Amino acid sequence: MSTPSDQIPPSPPPSPPPYEPVPPVSHGNDDKNLAMLTHLSGFLFSIIVPLIVWLINKDRSDKSYLVTESKEALNFQLTVLLGYVICWILTVILIGAFLHVVLWILNIVFCILAAVRVSQSGSYRYPFALRLVS
C-alpha cells in the first residue's frame, strides 16, 4: 500500500530569476584615478608621465583601459611638443611668442577637460592630436 507521503505531488521547478540588465563595464577607481592624473600631468610634465604609464601597462592585457588613456595623453602631449618646437622656430618672426602662449593655454584647458571627462564617463579622445603612438 502507499503511504500518504508517496501521494504528495512533486513541487514545480523553480522560476528563472527576473531579467537584470548587465551593468556597463566599470573601471576600478585606481585605474580611473591614474588615467585622470595621466591626463592632468600633461601641462606640468609634458610627455614624461603618460610615457611612463604607457610603458608600464602596455604589455598587460587586464590594463587595456590605462593603455588606451595613456596613449591618448601621450599622443596629445607629443602633438603639443611639436607645436612648441614650431612656435620656437616662428619666434624669429615675432609671432611664435604669441602662439606659444596660446598653445600653453590650450594644453592646460584640454588636459583639464580630459581629466574631468575621464573621471565622469571613463574615456576621452582629444579633438586634435597626431596619432603617433598606436
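A nonpolar surface patch of about 730 Å² is formed by Val92, Ile93, Ile95, Phe98, Leu99, Val102, Leu106 and Phe128. Such patches are assembled from residues with over 30% relative accessible area and no salt bridge, where like charges are joined within 9 Å and nonpolar side chains (Val, Leu, Ile, Met, Phe, Trp, Tyr) within 5 Å; the accessible areas come from the Shrake-Rupley method with a 1.4 Å probe, and for residues only the protein chains shown count as cover.

The model is a predicted one, in which local features need pLDDT of at least 70 and side-chain atom pairs count only at pLDDT 80 or more, whereas totals for chains, interfaces and linings use all residues. Residues are numbered from 1 along each chain as its sequence is written, and side-chain values use heavy atoms, with hydrogens and water left out.

Taken as a whole, the protein chain has 5 helices and 0 strands, following the pattern α-α-α-α-α along the sequence; helices (H or I, at least four residues) and strands (E, at least two) are DSSP runs, numbered from the N terminus. Of the 134 residues in the protein chain, 31% are buried, and the accessible surface comes to about 9,400 Å², with 69% of that surface belonging to carbon and sulfur atoms. Among contacts (heavy atoms within 4.5 Å) between residues at least 6 apart in sequence, 64% join residues at least 24 apart.

The axes of α3 (residues 48–57) and α4 come within 8 Å and cross at roughly 145 degrees, the axes being lines fitted to C-alpha atoms, for helices over the stretch in contact, with angles that run from 0 to 180 degrees between N-to-C directions. Where α3 and α4 meet, Pro50, Leu51, Val53, Trp54 and Asn57 in α3 are in contact with α4 residues including Leu66, Val67, Ser70, Lys71 and Gln77. Gln77, which is found in helix α4, counts as buried at 2% relative accessibility. Leaving aside neighbours within four places in sequence, Gln77 is in contact with Gly42, Phe43, Ser46, Ile47, Pro50, Asn107 and Cys111.

Side chains of opposite charge can pair when their charged atoms come close. The structure holds 2 salt bridges, a salt bridge being a side-chain nitrogen of Lys or Arg within 4 Å of a carboxyl oxygen of Asp or Glu. The side chains of Glu72 and Arg125 form one of them (3.7 Å, N to O), a pair that links distant parts of the chain, with Glu72 in helix α4 and Arg125 in the segment after α5, 53 residues apart. Glu72 also forms a salt bridge with Arg131, whose closest N and O atoms are 2.9 Å apart; because Glu72 lies in helix α4 and Arg131 in the segment after α5, the pair ties together parts that are 59 residues apart in sequence. Glu72, Arg125 and Arg131 are thus linked in a network of salt bridges, in which Glu72 counts as buried at 7% relative accessibility, Arg125 is exposed with a relative accessible area of 55%, and Arg131 is partly exposed at 35%.

Key:
Buried means under 20% relative accessible area, exposed over 50%, partly exposed in between (1.4 Å probe, protein chains only).
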